[in-house]
Amino acid sequence: MDIFLSRLFSGMTAGSIYVLIALALVVVFRSSSTINFAQGEFALFTTYVAWWLTERGLNIWLVLLPVIILGFIMGAVAERLLIRPVRKRDETAILIVALGLFTGLNGLDGWIWGSDEKVFPTMFPSGEGSYFSILGARLHYDSALVWVFTIGVVVGLTLLFKRTSLGLEMRAVATNPESAALCGIKVGRILTISWGLSAAIGSLAGVMLVPTIPPGQLNLSSMFQVLIFASAAALLGGLDSIKGAVVGGLVMGIGLAMINGYATFIGGSFSLTLALILIVAVLTVKPTGLFGTRRLERV
């Protein structure tokens with residue numbers, strides 16, 4: 001029982017990170033119908049900034065808010081200067097720009113901070129005894145912290161989309177930007193806020209993620225696999241659904257933890273392949289995912 005619970009806790013922690021990145025993808029998709037493939041690299045850059053600040057003596061808790069604000073600014077600037085100029089052409093141009101951001105930011109990280117691994121500080125004590133004991137299984141403090149932050153982000157986004165005028169405007173822009181503009185909604189401002197909010201969530205996820213990945217070191221590939229798993233989670237749940245991102249992320253995290261724990265013959269390196277198979281299967285069988293909405297276009 002304790003082994004099962006340990007794997008469940010591990011899967012929920014990884015799944016919570018996938019939920020955060022999947023939510024970042026959902027925020028952009030709900031407002032602009034675009035998948036931001038550079039999402040992971042936004043998070044990686046701000047995580048490097050967080051590490052750099054802590055190396056200069058700042059506490060990791062003190063750098064958290066500035067890093068999230070930096071992520072928001074990066075996302076907003078990228079939308080304003082790189083995405084918006086090509087938005088009216090077609091979705092392929094946006095995808096190409098996003099892939100360019102992906103490679104460009106990764107190269108910038110390597111140029112500034114090098115390719116060697118960095119020891120990332122933990123936000124909670126992670127030594128012996130830094131855990132809750134639940135039915136014989138250990139739930140470490142940093143894992144519990146990831147859960148709490150993820151719940152906070154989910155609740156915040158739900159309230160934003162359902163209870164605020166900004167959320168209503170974001171939904172209107174996602175449904176029909178031309179009609180939204182005719183109603184007086186400043187579409188460009190909504191898109192900028194959406195990309196900024198998405199990158200801010202990713203920045204939070206990056207800082208939370210690295211300490212939970214053994215051995216807790218930051219490198220240039222830290223976010224790549226996470227982005228693949230989160231993309232699979234977002235597609236599984238539905239790219240425009242907050243509930244879908246939560247369900248998809250937890251299914252991915254817990255499912256992979258159980259497979260790696262109980263089906264060891266498959267091998268841990270097969271996890272990425274499973275995620276890619278899931279992406280292909282969802283796109284083939286049910287492109288809207290479990291909770292996504294089908295878009296209707298009047299012709």
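Analyst: **A close look inside**

Leaving aside neighbours within four places in sequence, Leu64 is in contact with Met123, Phe149, Leu204 and Val207. Contact means heavy atoms within 4.5 Å. This is a predicted model: local features need pLDDT of at least 70, side-chain atom pairs count only at pLDDT 80 or more, and totals for chains, interfaces and linings use all residues. Residues are numbered from 1 along each chain as its sequence is written, and side-chain values use heavy atoms, without hydrogens and water.

Leu64 sits in helix H3. Helices (H or I, at least four residues) and strands (E, at least two) are DSSP runs, numbered from the N terminus. Leu64 is buried, with a relative accessible area of 9%. Buried means under 20% relative accessible area, exposed over 50%, and partly exposed in between, with a 1.4 Å probe and protein chains only. Leu64 and Ile201 are 137 residues apart in sequence and 12 Å apart in space, C-alpha to C-alpha.

Now follow helix H3 (60-87) to helix H4. The buried residues of H4 pack against H3, and also against helix H2 (39-55), strand E1 (118-119) and helix H9 (224-237). Among those buried residues are Ala93, Ile94, Leu101, Phe102, Asp109 and Trp113. How far should H4 (residues 91-113) span at 1.5 Å a residue? Its 23 residues should span 33 Å, and its end C-alpha atoms are 33 Å apart, so the two agree. The expected span is 1.5 Å times one less than the number of residues. After H4 comes Gly114, whose phi is positive, near 80°.

For contrast, take Tyr131 in strand E2 (residues 131-134). Tyr131 is partly exposed, at 24% relative accessible area. Beyond residues up to four places away in sequence, Tyr131 touches Arg138, Leu139, His140 and Tyr141. Tyr131 and Ser179 are 48 residues apart in sequence, yet 52 Å apart in space, C-alpha to C-alpha.

Step back to the whole chain. It has 11 helices and 4 strands. Its radius of gyration is 19 Å, close to the 19 Å that the globule rule gives for 299 residues, so the chain is as compact as a globular protein of that length. The radius is taken over C-alpha atoms, and the rule is 2.2 Å times the number of residues to the power 0.38. Buried residues make up 49% of the 299 residues. Among contacts between residues at least 6 apart in sequence, 78% join residues at least 24 apart.
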